[in-house]
Amino acid sequence: MLAVATNNNPPRQILSPDASVSGPMIVTLQSATTKIKELITQAILQGASQEELTKQLNRVIAEACAKISDKAMREEVRKAFVTSARKWFYEISQTIKIVNHNLRNEVRKTLPANTLYALDLNAIFNNSPKQIIDSFRPYMDFNSKGIAVIEDYEKSVKLGIKALAADPPISTRLTKEGKPVKVSLRNRVEMAIRYDANLKDVKNLVDNGVKLVWTSSHPNCSPRCAPHQGKLYSLDGTSGTINGIRYTPLADVLKLNGGNSIINGYNCRHRLIEYRPGSHPPTDYTEEEIKREYAIDQRQRHYENTIRNMKAEERLLRQAGFTKEASGLRKKWQYLNKNYEAFSMRNGRPFYRWRTRISEDEVSKYRLIMKIKK
């Protein structure tokens with residue numbers, strides 16, 4: 001981030017905004033995502049009414065959106081959540097219908113005819129999946145084929161839950177040509193917040209009299225940054241030439257791709273460096289170095305995504321009544337979280353705990369632990 005500037009010590013460069021500036025908002029969105037999935041799972045697996053579910057979902061979405069000050073972003077987030085919630089409800093509902101249909105057929109083939117006559121299949125299958133399997137368990141637990149049917153049923157439900165846990169909310173935006181572009185809502189909001197933070201930092205540079213800046217340069221950068229790295233830009237909106245070097249407004253570049261451009265783009269490592277007479281386009285890294293750094297970045301992102309997905313799956317498993325499996329999954333993500341932090345420290349990289357949080361109550365628990373330690 002930009003160092004604090006004084007009249008005696010004007011800023012000389014600006015780093016791409018620290019991703020943690022978007023942490024609180026991302027946790028809010030992730031928390032809403034988790035809650036929406038929990039409510040949908042509960043409604044489908046435990047038989048809650050769709051009308052009541054809609055009210056609860058609207059409440060969660062409204063509370064999350066209320067924390068977004070920008071009107072356009074607030075509406076984009078609302079639409080993304082509504083669209084994603086409908087998709088999740090449809091997909092998990094269809095999954096359970098198929099699973100129940102298959103279970104019904106297997107039960108008919110497994111149980112003796114006299115047992116089937118004694119059971120009201122239609123009444124049983126109007127209940128939740130958990131109640132269904134509990135209804136048949138006394139008749140099937142001591143039958144090897146029956147146990148296989150139960151295990152297959154539970155496996156199918158768990159697979160549906162796993163898919164739901166890993167599916168992110170998606171924001172659909174239109175390009176200038178009117179074509180829809182889908183992007184992870186999490187990434188979209190983080191880019192927007194970093195973009196705003198960057199504009200404030202740029203203003204700080206302008207206020208301190210800086211007019212021209214270089215963008216840093218490194219080999220094998222992302223396609224979105226490649227055309228703009230190692231170039232000279234103005235902070236006052238002017239275009240021109242100085243010492244034979246052409247410059248254009250930085251603002252024109254920052255707003256490309258909806259804010260996912262050089263400096264402020266998602267996971268961008270470029271920075272701005274104040275222009276001085278006689279300076280040349282900077283090069284920060286060798287190709288070998290950037291490949292190594294990129295590999296570290298990718299490994300960190302993999303850790304973070306996996307941990308978030310496992311946390312969400314754990315919570316959804318508990319909603320479905322699979323408490324033993326949920327406890328086992330908790331141990332796995334806790335172990336993976338330790339590996340993530342150790343990997344980051346070994347490679348001299350910062351790690352942000354908010355990147356693996358899926359609920360705001362995790363923040364409260366962490367603060368309580370830190371308070372007790374003090």
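Two residues are taken to be in contact when heavy atoms of the pair lie within 4.5 Å. On that basis, in this predicted model, 67% of the contacts between residues at least 6 apart in sequence join residues that are at least 24 apart. The protein has 374 residues, of which 45% are buried, and its secondary structure comes to 12 helices and 8 strands.

Helix α1 covers residues 23-46 and contains Thr33. With a relative accessibility of 4%, Thr33 counts as buried, because the cut-off for burial is under 20%. The side chain of Thr33 reaches the backbone oxygen of Leu29 at a distance of 2.9 Å. When neighbours within four places in sequence are set aside, the residues in contact with Thr33 are Phe81, Trp88 and Pro169. Trp88 also belongs to the set of residues through which α3 meets α7.

The packing of helix α3 (residues 71-110) with helix α7 (residues 144-166) is described by an angle of about 175° and by a separation of 10 Å between the two axes. Because angles over 145 degrees count as roughly antiparallel, α3 is assigned that orientation relative to α7. On the α3 side, the contact is made by Trp88, Ile92, Thr95, Ile96, Val99, Asn100, Leu103, Glu106, Lys109 and Thr110. The residues of α7 that they meet are Lys145, Gly146, Val149, Tyr153, Ser156, Val157, Gly160, Ile161 and Leu164. Sorted by class, the contact of α3 with α7 comprises 10 nonpolar, 6 polar and 3 charged residues. Asp152 is likewise placed in helix α7, and its relative accessibility of 47% puts Asp152 in the partly exposed class. The C-alpha atom of Asp152 is separated by 9.9 Å from that of Asn102, although the two residues are 50 apart along the chain.

Helix α8 (residues 185-207) has 23 residues, which at 1.5 Å a residue should span 33 Å, and the distance of 33 Å between its end C-alpha atoms agrees with that expectation. Just after α8 comes Gly209, for which phi is positive at about 85°.

Asn243 is situated in the loop between β6 (240-242) and β7 (245-249), and it adopts a positive phi of about 50° although it is not a glycine. With a relative accessible area of 59%, Asn243 is exposed. Cys268, which is found in the loop between α9 (250-254) and β8 (271-274), counts instead as buried, at 8% relative accessibility.

Helices α10 and α11 can be considered together, since the buried residues of α11 pack against α10 (287-319). For the 33 residues of α10, a span of 48 Å should result at 1.5 Å a residue, and the end C-alpha atoms are in agreement with this, being 48 Å apart. The helix α10 is followed by Gly321, whose phi is positive and near 90°. In helix α11 (residues 323-346), the 24 residues reach 35 Å from the first C-alpha to the last, which is close to the 34 Å expected at 1.5 Å a residue. The buried residues of α11 are Ala326, Leu329, Trp333, Leu336, Asn337, Tyr340, Glu341, Phe343 and Ser344. After α11 comes Gly348, which has a positive phi near 65°.

Within this group, Ser344, which is placed in helix α11, has a relative accessibility of 1% and therefore counts as buried. Its side chain is joined to the side chain of Gln300 by a polar contact of 3.0 Å. Beyond residues up to four places away in sequence, Ser344 touches Gln300, Arg349 and Phe351.

Methods. Residues numbered from 1 in each chain as written. Predicted model: local features only at pLDDT ≥ 70, side-chain atom pairs only at ≥ 80, totals over all residues. Heavy atoms only, no water. Helix = DSSP H or I, 4+ residues; strand = E, 2+ residues; numbered from the N terminus. Buried < 20%, exposed > 50% of the residue type's maximum accessible area, 1.4 Å probe, protein only. Polar contact = N/O pair within 3.5 Å; in protein donor to acceptor, adjacent residues only side chain to side chain. Expected span 1.5 Å × (residues − 1). Axes fitted to C-alpha atoms, helices over the stretch in contact; angles between N-to-C directions. Parallel < 35°, antiparallel > 145°, perpendicular 65-115°, else oblique. Nonpolar A, V, L, I, M, F, W, Y, C, P; charged D, E, K, R; others polar.
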